[in-house]
Amino acid sequence: ALAAAKADQDMDDGLLVVFTGGTTGVPKAALLSRRNVATMAAVEAGILATHVDGRITTIASLPPSHVGGTVEMIGMALAGGYEIIVHDSWSPQRTLEAVQAERIQWIGGVPTMFAITLLMPDIERYDLSSLKVAILSGEKVELELIRAIKRKICPNVVIGYGSTEAGSEVTFTLPGDDERAIADGYVGRPLPGADIRVVDPEGRALPAGEKGEVVVAGPYTIRGYYKMPDEDAAGFTADGYCKTGDLGYLDAEGGLYIKGRIKHIIRVGSYTVLPSEVEDVLLKSGLAGMAAAIGVPDPVYGEVVWAVVSPFPGVAPDPDALLRLCGEELAGFKVPRRVLVWDELPITRIGKVHRVEVQNRVREMIAAGKL
């Protein structure tokens, strides 16, 4: 029976289920195969070995419920034979203490984690000279953050791009890549075996420089979700490409630029906020006639939630009351940092709130110092 069980194995058998919000914010069970996990772990271990000499000590700073924590930080360490420091939760102080005490050579995480670390007033008292590379992924990285990391944490910064479905990482930059290009959305070139295309709404491949949806196939990309055929049909092409929901383009050398999300998802740190989640709470209060939840740039979280509402006739919405209601019904990262009241909100041709127009107006007002 054991021999038969051993023979009945395949690299494409399911190994790991990771729940992800994906492009919709609705939890979906991504089914990672042995091939997905093993290939990702081995390839990343090989890449890291080009940046760090000798036996590597690392810290698992993302949770194992996250594909970055499981496949990359733990899986890569197992594949590469690293020593792994594991904490029960993440904190910038404990991370820097571990780097100093254990002479850790690389750290990774989402940009928000690095932004929070840089807020520590005593960061310069830690000896971080053992760090050879810092790897960031999961969010857009601003120029100021890249430069601050190089100045105060680690001189070499690498940016990765991926997702639970497409592959934990399917591109990486190099330490010497142009900082301004990275701030403009450059996330590097495809990893070995990753087939990345940019397509139009009909699924036709676009030439270099033209924006469209980024789709990915290859050994890192899952074949589908666990017992979710409707999600499979919506999230993958007939020939197995994962629809990332990201808007981007490829340059003439094959480098990938990410320019935003096709759907209006708000990314607070590494968390996903669906605008409708916030809007539903605001509207059911009876204090607002129309509402739009939008993402506003934030130096720490990348984006935070703001809301703009218009009143019912004869009703003056109370922003503080709306904020209290959101605090009672929503997770903390989903609660708007600010509620603005406008006489009316812009709408589309079919009568829906025009979120993009609302967001553009708010960002213009912020830039002009009016908010």
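I began with the lining of the largest cavity, whose residues divide into six nonpolar, four polar and no charged. I counted Ala, Val, Leu, Ile, Met, Phe, Trp, Tyr, Cys and Pro as nonpolar, Asp, Glu, Lys and Arg as charged, and the others, Gly among them, as polar.

I note that this is a predicted model, in which local features need pLDDT of at least 70 and side-chain atom pairs count only at pLDDT 80 or more, while totals for chains, interfaces and linings use all residues. Residues are numbered from 1 along each chain as its sequence is written, and side-chain values use heavy atoms, without hydrogens and water.

I searched the whole structure and found three cavities of 30 Å³ or more. A cavity is a set of points, on a 1 Å grid over the protein atoms alone, where a 1.4 Å probe fits but cannot get out; lining residues have an atom within 4 Å of a point. Points are joined across faces, edges and corners, and a volume is the space filled by probe spheres set on them.

I recorded about 90 Å³ for the largest cavity. Its lining is S61, W90, T95, L96, I107, G108, M113, F114, T117 and I153. At least two lining residues come from each of α4 (92–102), β5 (106–109) and α5 (111–118), and α5 gives the largest share, three residues. Helices (H or I, at least four residues) and strands (E, at least two) are DSSP runs, numbered from the N terminus.

I then turned to the second largest cavity, of about 50 Å³. E44, I47, L48, H51, M76, I135, V158 and F172 line this cavity. Helix α2 (residues 34–49) supplies the largest share, three residues. I classed this lining as six nonpolar, one polar and one charged.

Conventions: 1 Å grid on protein atoms, 1.4 Å probe; cavity = no way out; pocket = protein on both sides within 12 Å on 5 of 7 lines; lining within 4 Å.
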